[in-house]
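Let's take a walk through a protein together. Keep the sequence and the 3D view side by side as you read.

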Amino acid sequence: MHENGQKIAVINLMGNLFMRSCDNAFYKIEEVLKNLKTEDLSFIFVDFHAEATSEKMAMGHHLDGRVTAVVGTHTHVPTADATIMEHGTAFQTDAGMCGDYDSVIGTKKEEFVRKFATQDTERKRVPPADGEGTLCGVIIESNTENYLAKSIRSIRVGGKIGN
Ligand SMILES: [Fe+2]
């Protein structure tokens, strides 16, 4: 619930391509949307946690005109494609992480490079990189008369890739 009484829905969906398999996100979202009372809502945000850019873009088009925003997560690197899609949904393939970009997706670069160089496949947690972080994300405005998007702007503040 927003401070002036507006209701916001946040949906976290898991992708399937190159990931441990979950329910099919394209079917699951239909079930979720059917159970939402959309007439009460001023903002429907879909976080699509997925590995493949193709799957994330496909989900954006699948939901275009039906939700306020589809923003991808999981790949940790912000993409430069913030846009309002054809039918009014704001989209960006990946929001990027909030963290140290002098790293490999937020973890100690030396350790990750060693893992690739030595083909070390042991599933051991790589410690996080602890340099100055960049805050990444998107700012999205929705229309007051419906829950479609009015604008989307991607932001990067501080650290290595801030602007
Ligand atoms: Fe993830």
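**Starting from the core**

The largest nonpolar core holds 25 residues, and Val 46, Ala 69 and Val 70 have the most contacts inside it. Such a core is a set of buried Ala, Val, Leu, Ile, Met, Phe, Trp, Tyr and Cys residues joined through C-beta atoms within 7 Å; buried means that 20 or more other C-beta atoms lie within 10 Å of a residue's own, with C-beta atoms placed from the backbone. Among the elements giving two or more residues to this core are α1 (25-34), β2 (41-49) and α2 (53-63). The largest share, four residues, comes from β2. Helices (H or I, at least four residues) and strands (E, at least two) are DSSP runs, numbered from the N terminus.

A word on the source: this is a predicted model, where local features need pLDDT of at least 70, side-chain atom pairs count only at pLDDT 80 or more, and totals for chains, interfaces and linings use all residues. Residues are numbered from 1 along each chain as its sequence is written.

Now look at the sheet. Five strands form an open, mixed sheet in the order β1-β2-β3-β5-β4; two strands pair if DSSP finds at least two bridges between them. At the edges, β1 (7-14) and β4 (83-84) each pair on one side only. Inside the sheet, β3 and β5 are parallel over three bridges, and Val 70 stands opposite Phe 91 in β5.

Finally, find the hairpin formed by β6 and β7, with six residues between them. These strands pair in the antiparallel sense over eight bridges, and Ser 142 has Ala 149 in β7 as its bridge partner.

Definitions and conventions. A residue is buried if 20 or more other C-beta atoms lie within 10 Å of its own, exposed if 12 or fewer, and partly exposed in between; C-beta atoms are placed from the backbone.
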